[in-house]
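Here is a briefing on one structure. It covers a hairpin, the strands around it and a chain interface.

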Amino acid sequence: MSIFIDQNTRLVVQGITGRDGSFHTRQMMEYGTKVVAGVTPGKGGQTFEGSVPIFNTVEEAVKEAGANTSVIYVPPAFAADAMFEAADAGIEFIVCITEGVPVLDMTRVRPYVLDKGARLLGPNCPGLLSAGKSKVGIIPGHITQPGPVGLVSKSGTLTYEVVYKLKGAGIGTTTCVGIGGDPINGTSFIDCLAAFEADPETKAIVMLGEIGGTDEQEAAAYVKANVTKPVVGFIAGQTAPPGRRMGHAGAIISGSAGTAEEKITAFRENGIGVAQRPLDVVDLIRGVL
Amino acid sequence: MNIHEYQAKELLAAQGIPVPMGEVATTPEQAEEIARRLGGAVVVKAQVHTGGRGKAGGVKLATTPEEARQKAEAILGMDIKGLTVEKVLIAPAEDIASEAYVGIILDRASKAPVWMVSAAGGVDIEEVAATDPEKIVKLPVDPRYGFLPHQAYLLASKLYQDPKQVRAAAKILQQLYTAFIEAGASLAEINPLITTPSGEVKAIDAKFNIDDNELFRKPDVEALRDESSEAPTEVLAREAGLTFIKLDGDVGCVVNGAGLAMATMDLVKYYGGEPANFLDIGGSSNPEKVVNALKIITTDPNVKAILFNIFGGITRTDDVANGIVTATKMIDINVPIVIRLTGTNEEIAVRILAEAGFSAMTDMDEAVQRAVALAKGEAQ
């Protein structure tokens, strides 16, 4: 098992002919993801790599190619509308990779997508990968292998670092999910924790957080109340100065809420093992498996 | 992005909010001239991107034009929280009967814009929030439907009893909401919103923070950027498409991805060093980005060693390697460079680096330890 995506995922790529969209579509296909359609307005009728049909709209991709999941690689100016379009077309799971989507746009997109009954991951996220089954987004396929660990993270490359170290120790993953670090996004730590808790193949969970906001603290309280599986955590940004945005729009410490120290304390108080270094995740996971 | 008080007031005035504007001076003579033109008492206010200006002595009352010059002379060039005051706002002094706070913020927890209003204005609202949270009224706005007139009236009625003032404040709140949306702000506040002895409601001070992600579609707002108020290296970094924040340590860090960049800084500290900066070269790194990153880092005289930590995903490590080789030919780098890279095209990257006389490491912890030792002069 895995969460959110698996071998039954039928993917449509919004922005398939763009630079990033085409590169990562090839990577996803190589990994084994069932890419059933692409969408680029005005290029309907063409094919990608001679095999994937391109449509003008997501609605056609759903009707003609049976897409149930979409991944978005369009520039920030068009990202909100791409998410609205996917939701309108009946896509069940929308993954938005685009970085730099205005937060005000997300205040409208998020409730719209939820009202349609769809799940949104991102924006500004690396996507997700269910080891050996499917990957949607930009996570490199070779850095992990099938195994018992579920991983959820706000970061891209830090995720790669940790799963790669786990792989080096012979430990694989069910699904790795990058939820992104934007202030308003679709899927939270808690959504992923609930899904991992329900997934029989996931035996332990890694949660990688960072400074800013209170998502990690809320997730920690959720773990104590609802998660029976062992959870191991790491918080990035212990040396970050207050009041400065550390790359991710959400990674800013303001007031008393959102410091690394506060989050680490919340993890400890709720029974989550805290890794001091990314490397320490490996030993902590080994200890609970 | 931050903007100055005088710019924030211009955004308010553009919506019709009553706000005594004043004018900006960069010299004491200009300050005197403006004060004379305005007539009466004025307030001389430092224009810097930080709060707590009053406490730092950056806001002074002047009753005559000569006094305005003297106060401006004292404030211009002053250092407030590491920022040098380059401009002062000369604003007419107002008679104040009451002070309130009104602000709207994009709230992560509510995932919506949330109003915060308080009849206890004029002071640091975070202090009020900490000591008297019941004095703050909060109201989330559903951005799909906008800020509704009855909500504005409701909030205004929490601030004032006089029906005229309630109506005036409700109008100001709606105008502030429009300014907030049009500017693409993540925060817009008026503090204080005053009443005068004759009963008028006016904005005396304002603050806006702009969501950087909005700037591509808000050229008018982008034009408000004051580069003189930012560190030159941060301006250079932004123009090069990098995120750079200077810190006080001596290990320069070049990393791809914000989370890994923060984790790298933390690891430098863990192994006994101090990071000199946060620097994220982002996803698709072309060699030029690496050249610019090295240019920026080498402007910091504190840097004793430079650490590259690259996990190639979208980032091709051979691009980074080419950038390092190009940069070291273009600029004199007098400190040791430690390179850790792994992932996409790693073999090609290692070969490029080896041909140029660099060795690359694959383990993050080993690379960080080596960079820390080099910065301390404990390794060769």
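In the hairpin of β7(B) and β8(B), B:K111 has a positive phi near 55 degrees. The hairpin has 4 residues between its strands. This is a predicted model: local features need pLDDT of at least 70, side-chain atom pairs count only at pLDDT 80 or more, and totals for chains, interfaces and linings use all residues. Residues are numbered from 1 along each chain as its sequence is written, while chains are lettered from A and ligands numbered from 1 in the order in which they are written.

**Strand β7(B) and its partners**

- Strands are DSSP runs of E of at least two residues, and helices are runs of H or I of at least four, numbered from the N terminus.
- β7(B) and β8(B) run antiparallel, joined by 7 bridges; strands pair if DSSP finds at least two bridges between them.
- B:I105 has B:V114 of β8(B) as its bridge partner.
- β7(B) also pairs with β10(B) (residues 185-195), antiparallel over 7 bridges.
- There, B:A100 stands opposite B:L193.
- β7(B) (residues 98-107) is largely enclosed by the rest of the structure, because 7 of its 10 residues are buried (20 or more other C-beta atoms within 10 Å of a residue's own, C-beta atoms being placed from the backbone).

**Interface with chain A**

- 43 residues of chain B are in contact with 45 residues of chain A (C-beta atoms, placed from the backbone, within 7 Å).
- β8 (112-118), β13 (243-246), α9 (258-270), β15 (277-280) and α13 (364-375) of chain B each supply at least two residues of this side.
- α9(B) gives the most, with 11 residues.

Definitions and conventions: Two residues are in contact if their C-beta atoms, placed from the backbone, lie within 7 Å. A residue is buried if 20 or more other C-beta atoms lie within 10 Å of its own, exposed if 12 or fewer, and partly exposed in between; C-beta atoms are placed from the backbone.
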